[in-house]
Amino acid sequence: MSGEEKPSTPKKVVIQVNRPGPKLGVDLTKTPKNWLPDARNARLEFRARIYAYQGGKWVYPGEPRKITFILKEVSKEKGICLNFPSKNKSNENPDLFFANDDDRMKEFTFDEDKTDKKNCPTTIVARNDNPSHNYHYLKATTKTAVTEAVAVVRCEDYGAFGVLEASAPECETIPPREVGGQPGEGVGPNDIKIPRDDNDNKIADIAPQDDGGAAGDSDGDDEPEIDGYDGDGLTNYEEYRGFIVKRGRGVEHIRTSIKKKDLFIYDKDGLGTGFFHKSGLVLHFIPKPDYYAGDSSKKDASPDAGKQIINFNAGNATKGEQHALRLVNERIRGCYGYCYGDGPGLPKVTNRVAINKKLCTGKDEHADQLSAVIAHEMGHAVNVFHHGEEPNSDHVCGGKVTDEGGRVTSGDVTCVMRYDNYNYTQWCHVKDDGTHCRHPIPSPENPGTTFCDSKRGTGCNLVSNAHRNDATVGACKTHIRIKGW
Amino acid sequence: MYCRVNDEENCTVHRDTPLIISVSMVNDVAATAASHNAPIEDEIRRLEERLEAGHMNQEEFDAAAERLRREMVSIKVYRIGGPGGWLHFIKIQSLTGEEWGDVDWPLWPLTHHPEVEVAEIDASTTCYVELGFDPDDRKRPEGELQIRAVAKLFGDETIESETARVNFLAEGLPKAEREKEEVLVAKGEYALKRGLHDEALRHVQAALKAKPSSIPALGLLAEIEESRGNLKEALTAFETAFDEFRKQSKMRDPPRYFIKKIRLLRARLEPEQA
C-alpha cells in the first residue's frame, strides 16, 4: 500500500422501484375441443384477460394493459387442401391469421403480414365462401390498455395448425383456460394450439384421423385387407386435410378414412365405375383435371411427372405422390376396353382406363357388359391381372382349340377379371395318366359382377373336385394395390 | 349427368358432318356409398359361411351382422322412364339469349343403354343415349350454340347436364379432310346406326380404298354385313380385322370384341356350312 488511496470512482446504481400493487397475469382461452379447420372463412374467437394476483389466486380484472396476440408455428401448406386450388394458383400464405377485416377486431393494430401471394381462392365450394383479403397478419395488439380482449383468428386451410399466445407489459403468463372457465393457477405459458392437438401430430385430437396420436405420416389403411400391403398412399395428415371432390354438379370437401383405402377417379365422360365398387376400395370422383394436376400428355405410358396426382398440394407429413385414375370413353379398335400405361400395375403407372362404350353397349351385348368391362380395366389399374395368361400356341384337343386349365377362362366365373364369352367352347386339363379331359364352357356366358377372393374354379370351372379349373393367378381382391410409394 | 357432342365438350361440325349428342347419367354418390359398403357385405358373407359351417350360432351371427349393417351407408337410387322407354324423358335444350328451350331438331335415337322402359341409376348402372342430327337436315342451325340435356326423374326431380358447345359451320369439310379414313368411318358408323346400310357401305368402301388395312373400317364393314344378314361376309371381315389387329397392334390384350363376334358368327354359320 502506498498509504495514499486513490479516490474511488463513483458507481452508478439504478434502482428500479416497482409500483406497489399486485402481480399481474394474462391468460388465453383454449381452442374449442370440437373445432376442425375449415378453409371457408372459418373464424375463431380467443379471449385474453388481465388478472391481478390477490390472496393466492388470480382475480379478474387486473390493471388494464395493451394485449398482444401472436400466432406462431403456423402452417403454410400449399393451397387449401391436397387438390385445390390448382398448382399454378396455390400459395403458401399462413393458414391461420388475424381477421383484420372483422368488426370484432376494430380496436387492434396489426403487424407481421406474411402474405406470400395475393391469390387466395375466393370460391372453394360455393361462390365467395372465402372472401377476398389482402393480408395474413400474425400479430395483433389492442390499441388501448384493456383488461380483456377478443382476437379473431381466420382459417384458410382444412389442415391448418398453429400456436397462439397472448402477452401484455408487466404481466406474467397464466396457463390457458377453457372457454367460460376459471383462470389456471400459478404461472406458465399461455400458448394454445389451433386446433386442439395435445398429442402434437398436427391433427385435431377430435378428428378420426388423429388415430390416438399416431404420427401424421402414418399410412396404415387395412381395408380391403391385402397381405403385407397396407396403406393407400395418403398419410393420416393428408387424409385429414382432405380433398375437393365432385358432388352432383358442384363440389364438396371431404376428409377420408385412415382405415379404408381411398381411390380417386376422374370420370371424364360419365362412364360410371360399373362393378368396380366391389373391389372394396372407397371411390371418390373429381370434377375436372385441375383437381389432380392435369391429364397426362403421354398417350401410352405412365403419366408424365407431376400429372394425375391427387395430393399435389402436399407438404406436412407427406410420404410421396399418390396418383388418381383417369377414366375415358375411347374408340379402341376391336376391344371393349384397355388400360393404357406401363401396367397392369399401380395407378402411378396407369395413363388412363379407356372404355369403348360403343362396343360395350352394342345390341348383342349383355346388359352388364359395360359395368363388367369398366371393372375389369380398372382392375388392371390397381394391380389386378387376368386369371391366367394366354398360351403362346393353341391347345388343340379332340380336334378343337380349347383353353388349357389355369388360363384366361379359369377360376371363379363371377369375377370380372376372368375372360367370358371368349374364344373357347371348352376347357381342358390333363390327368395324371396323360389323358386329356375336356369340359364345356357355356355360350353365351354372363359377364362377371365382382372380384374373386380365391383361385378356386366355380360354375363351368367346377365339374367336381377332380375336374376343377382353378385360376393360376385369381384371388383378385388380394392383389389390389394402389399405394404409389 | 354428362352431355357430349361428337364425343367432345366443344365441337365444330361442318355442313356435311353428322352431329351425335350423347347423354349419360351416372350416380357417383351411389358408387362411393356402395364402395364403402362392399367390404362390409363381404364380411357379412364370411359370417354367413361361418354360421353354415357351425362355427357360430344364430344369435352370435345376428348380433355380429347387425353391428356390421349399422356401419353401412344408404344408397339413393334414381329412376327414370315410363311407357315408351326412359330415353323419352331426356330433352335436349339450346340457349337462346338467356333462355333455355327444347330444340325442335329431328333427333334420331341411335343407341341407348340399358334397353328397358324404366332405368335405375345405381352404383353400377350408367344410362346412356346417343341422339343423331342428320347432316343434311333443313333445321340445322348455323353458328355457335350452347346445348344441354335435361332429364326428368321419378318424383318430379329434374337434373341438367353441364353445357356443351357446338359450332355449326355453313361450309362442308375440305376435300382433303373428306377423304380421310377416320372421317369416312365416322360417317359410315352414323349411317349404320340410322339403318342406312347402302350409305354406310359406300362410306366404308371409300375408307377401305383409302386404307385397305384399316381396322376400324374392316370392323365397320363386318357390322354392316352382319346387319344386312350376310353372315359369311361379316365373318370374313371380322377375321380380316382380327388378323390386321395382330399385325398392327402393340396392345397386351387381345381384341375380345372381334374374338367374340368371330366365335358367335362361326356358331351361327356351322349349321349352314353343315
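1. Ground rules. The model is predicted, with local features needing pLDDT of at least 70 and side-chain atom pairs counting only at pLDDT 80 or more, while totals for chains, interfaces and linings use all residues. Residues are numbered from 1 along each chain as its sequence is written, chains are lettered from A and ligands numbered from 1 in the order in which they are written, and side-chain values use heavy atoms, with hydrogens and water left out.

2. Domains of chain B. Chain B splits into domain 1 (2-27 + 78-168), domain 2 (29-71) and domain 3 (175-273); the bounds come from an automatic or database domain assignment. Between domain 1 of chain B and domain 2 of chain B, the C-alpha centres are 41 Å apart.

3. Salt bridges overall. I take a salt bridge as a side-chain nitrogen of Lys or Arg within 4 Å of a carboxyl oxygen of Asp or Glu. That rule gives 59 salt bridges over all chains.

4. Asp102(A) and Arg43(A). These two side chains form a salt bridge, 2.9 Å from N to O. The pair ties together distant parts of the chain, 59 residues apart: Asp102(A) is in the loop between strand 5 (96-98) and strand 6 (108-113) of chain A, and Arg43(A) is in strand 2 (residues 42-54) of chain A. Helices (H or I, at least four residues) and strands (E, at least two) are DSSP runs, numbered from the N terminus. Asp102(A) is buried at 10% relative accessible area, and Arg43(A) is partly exposed at 26%. For these labels, buried is under 20% relative accessible area, exposed is over 50% and partly exposed is in between (1.4 Å probe, protein chains only).

5. Arg196(A) and Glu178(A). Here the closest N and O atoms of the salt bridge are 2.8 Å apart. Again the link is between distant parts of the chain, 18 residues apart, with Arg196(A) in the loop between strand 11 (192-194) and helix 1 (236-241) of chain A, and Glu178(A) in the loop between strand 10 (171-173) and strand 11 of chain A. Arg196(A) is buried at 10% relative accessibility, whereas Glu178(A) is partly exposed at 33%.

6. Arg70(B) and Glu66(B). This salt bridge has its closest N and O atoms 3.8 Å apart. Both residues sit in helix 2 (residues 58-71) of chain B, four residues apart, so about one helical turn separates them. Arg70(B) is exposed at 60% relative accessibility, and Glu66(B) is partly exposed at 37%.
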